Amino acid sequence: MIRVFAVCGMGLGTSAILKTRLRAALDATGVDYMLDVTDASAARGQQADLIFTSAELAEGLKGTSAKVVVVKNFMDREEINQKVKEAIEELQS
Amino acid sequence: MVDDAERTGGLGASFPREAVRAGLRCADWREAVREAGKLLVATGAATDDYVDAIVRAVEELGPYIVLAPGIALAHARPEDGGVAVGFSLVTLAEPVEFGSEHNDPVDLVFAFASPDSEQHITALAALADFIESDDNLARIRAANDDEELYRVIQEAN
């Protein structure tokens, strides 16, 4: 079970949009996963394998045990699909 | 007759006529965000405090709300003055800089409010699907006045 978080400043807007895109991308990989949204400060206290967030918030998430993946364009499914695929492959290798 | 909300899967219903402004001139991101926030107040979705909270959120958390090239999604927390689910849109005549590493400058500022962390999710997903379409974005940017902008959103599928 891979634990994945979509993280934004408040866990209400950007991350909620990101969650819908991540779900589609994760489903396509076939992995067993848990996906949730949270805000940047709560994310630091969570046990996670993967965190997807923006460039601006990624800096503050350094030091967590999770692999932090920066998404540039939250509307770009291609970017998100590609980054999910690479991150899952890295976790499984 | 099929009403707008049904036809658009909820997106049209989330944007009242008074919630869109086309071709505004704003000096900077703060003014643009305030204009979008004020529309939420005008439609009864948020209080004045909420508008201040949106600006504070961008100052404190950074310009991550610019989620795609040219597009900002401004909001604060429900407890900051969210009254009802409501969305607004301001299109800018001249784009402004938010300081976003990847997605500046911004000419489309969406804002939303919600009374809790759940009720806006369906409409937000509909909005995401709407702005994912380059065709929709082109039509929004081409809208010359508030009425036309309102129609573009109501007619979205």
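In this predicted model, B:Glu132 is partly exposed, because its relative accessible area is 25%, and a residue counts as buried only under 20%. B:Glu132 forms a salt bridge with A:Arg21, in which the closest N and O atoms are 3.1 Å apart. B:Glu132 sits in the loop between helix 5 (121-131) and helix 6 (134-142) of chain B, whereas A:Arg21 belongs to helix 1 of chain A, so the pair joins two chains. A:Arg21 itself is buried, with a relative accessible area of 2%. The side chain of B:Glu132 also meets that of A:Arg77 in a salt bridge, with 2.6 Å from N to O, and a network of salt bridges links A:Arg21, A:Arg77, B:Asp129 and B:Glu132. As a general point, side chains of opposite charge can pair when their charged atoms come close.

From here we can turn to the whole contact between the chains. Between chain A and chain B there are 4 salt bridges, and 9 residue pairs are in polar contact, both residues being at pLDDT 80 or more. Helix 1 and helix 3 (55-58) of chain A each supply at least two residues of the side of chain A that touches chain B, and helix 1 of chain A gives the most to that side, with 4 residues. The contact takes 18 residues from chain A and 27 residues from chain B. The area buried between the two chains is about 2,000 Å², of which carbon and sulfur atoms give 68%. On the side of chain A, the residues that lose the most area to chain B are A:Met10, A:Leu12 and A:Met75, which together account for 34% of what that side buries.

A:Ser54 lies in the loop between strand 3 and helix 3 of chain A, and it is buried, with a relative accessible area of 2%. Leaving aside residues up to four places away in sequence, A:Ser54 touches A:Val70, A:Val71, A:Phe74 and B:Tyr64.

In chain A, the side chains of A:Arg3 and A:Asp49 meet in a salt bridge of 3.4 Å from N to O. This pair links distant parts of the chain, 46 residues apart, with A:Arg3 in strand 1 and A:Asp49 in the loop between helix 2 (40-43) and strand 3. In chain B, B:Arg21 forms a salt bridge with B:Asp146, the closest N and O atoms being 3.4 Å apart. B:Arg21 lies in strand 1 and B:Asp146 in helix 7 of chain B, so the pair ties together parts that are 125 residues apart in sequence.

Notes. Residues numbered from 1 in each chain as written. Chains lettered and ligands numbered in written order. Predicted model: local features only at pLDDT ≥ 70, side-chain atom pairs only at ≥ 80, totals over all residues. Heavy atoms only, no water. Contact = heavy atoms within 4.5 Å. Buried area = accessible area lost by both parts, 1.4 Å probe. Polar contact = N/O pair within 3.5 Å; in protein donor to acceptor, adjacent residues only side chain to side chain. Buried < 20%, exposed > 50% of the residue type's maximum accessible area, 1.4 Å probe, protein only.
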